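Please examine the following protein chain together with the report below.

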Amino acid sequence: MTVSLCKHSHPVQPPVGTILRPGPCTDCGITWDEVQDEVRRQEDALINGTAHEGTCPDCGQHRTLLRFQPPSQPWEPFDYEPPVSFLCLDCYNAAAIEFNAGLAAVYGSI
Ligand SMILES: [Zn+2]
Ligand SMILES: [Zn+2]
């Protein structure tokens, strides 16, 4: 496995990319999809590694809590960190659905 120190800069200007489908990194050529896959793998590892018992802030039940952080978007600054919360599985799924619905609203208006 190679570790890239490239910060990745993905063009969002046509014809190489768009705001929804950025083009490959202008420095190392990695595609946006590959970066997203890698981010997802790291997130899964992080979620599994940080899951713990506790009281869910949303429903107040004592359950296994999972780390929830909305994925960053192409138009956000590279070092922007979305807020992290710890939610039970039910609330986690609800938050993910809500996030995706919000995203669909944003994308739908472009
Ligand atoms: Zn790169
Ligand atoms: Zn909950």
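In which segment is His 8 found? His 8 is found in the segment before α1. This is a predicted model, in which local features need pLDDT of at least 70 and side-chain atom pairs count only at pLDDT 80 or more, while totals for chains, interfaces and linings use all residues. Residues are numbered from 1 along each chain as its sequence is written, and chains are lettered from A and ligands numbered from 1 in the order in which they are written.

**The segment before the helix**

Helices (H or I, at least four residues) and strands (E, at least two) are DSSP runs, numbered from the N terminus. Most residues other than glycine have a negative phi, and most peptide bonds are trans. His 8 has a phi near 60°, a positive value in a residue other than glycine. A residue is called buried if 20 or more other C-beta atoms lie within 10 Å of its own, exposed if 12 or fewer do, and partly exposed in between, with C-beta atoms placed from the backbone. His 8 counts as partly exposed because it has 17 C-beta neighbours inside 10 Å. Pro 15 also has its place in the segment before α1 (32–50). The peptide bond that leads from Pro 14 to Pro 15 is cis, with omega near 5°.

**The two domains**

According to an automatic or database domain assignment, the protein chain is divided into domain 1 (8–50) and domain 2 (51–108). Their contact takes nine residues from domain 1 and seven residues from domain 2; two residues are in contact if their C-beta atoms, placed from the backbone, lie within 7 Å. On the side of domain 1 that touches domain 2, the residues divide into six nonpolar, three polar and no charged. Here Ala, Val, Leu, Ile, Met, Phe, Trp, Tyr, Cys and Pro count as nonpolar, Asp, Glu, Lys and Arg as charged, and the others, Gly among them, as polar. The centres of domain 1 and domain 2, taken over C-alpha atoms, are separated by 20 Å.

**The sheet**

Strands of a sheet pair through backbone hydrogen bonds, either parallel or antiparallel. In this model, three strands form an open sheet in the order β1-β2-β3, and the pairing is antiparallel. Two strands pair if DSSP finds at least two bridges between them. The edge strands are β1 (52–55) and β3 (85–88), each of which pairs on one side only. Four bridges join β1 to β2 (residues 62–68), and β2 and β3 also pair over four bridges. The table lists some of the bridge partners.

| Residue | Bridge partner |
|---|---|
| Glu 53 | Thr 64 in β2 |
| Gly 54 | Arg 63 in β2 |
| Phe 68 | Ser 85 in β3 |

The hairpin of β1 and β2 has six residues between the strands, and Gly 60 takes a positive phi near 75° in this hairpin.

Not counting residues up to four places away in sequence, Leu 87 touches Cys 56, Asp 58, Leu 65, Leu 66, Phe 68, Tyr 92 and Ala 95. Leu 87 and Gly 54 are 33 residues apart along the chain, and their C-alpha atoms are separated by 9.0 Å.

**The helices**

The expected span of a helix is 1.5 Å times one less than its number of residues. The number of buried residues in α1 is zero, so α1 lies largely in the open.

Helix α2 (residues 89–108) lies across β2 and β3 and runs at about 115° to β3. For such angles, axes are lines fitted to C-alpha atoms, for helices over the stretch in contact, and angles run from 0 to 180 degrees between N-to-C directions. The 20 residues of α2 should span 28 Å, which agrees with the 28 Å between its end C-alpha atoms. Helix α2 is hardly covered, as the count of buried residues among its 20 residues is one.

Asn 93 is found in helix α2. Asn 93 is partly exposed because 13 other C-beta atoms lie within 10 Å. Asn 93 and Phe 68 are 25 residues apart in sequence and 9.5 Å apart in space, C-alpha to C-alpha.
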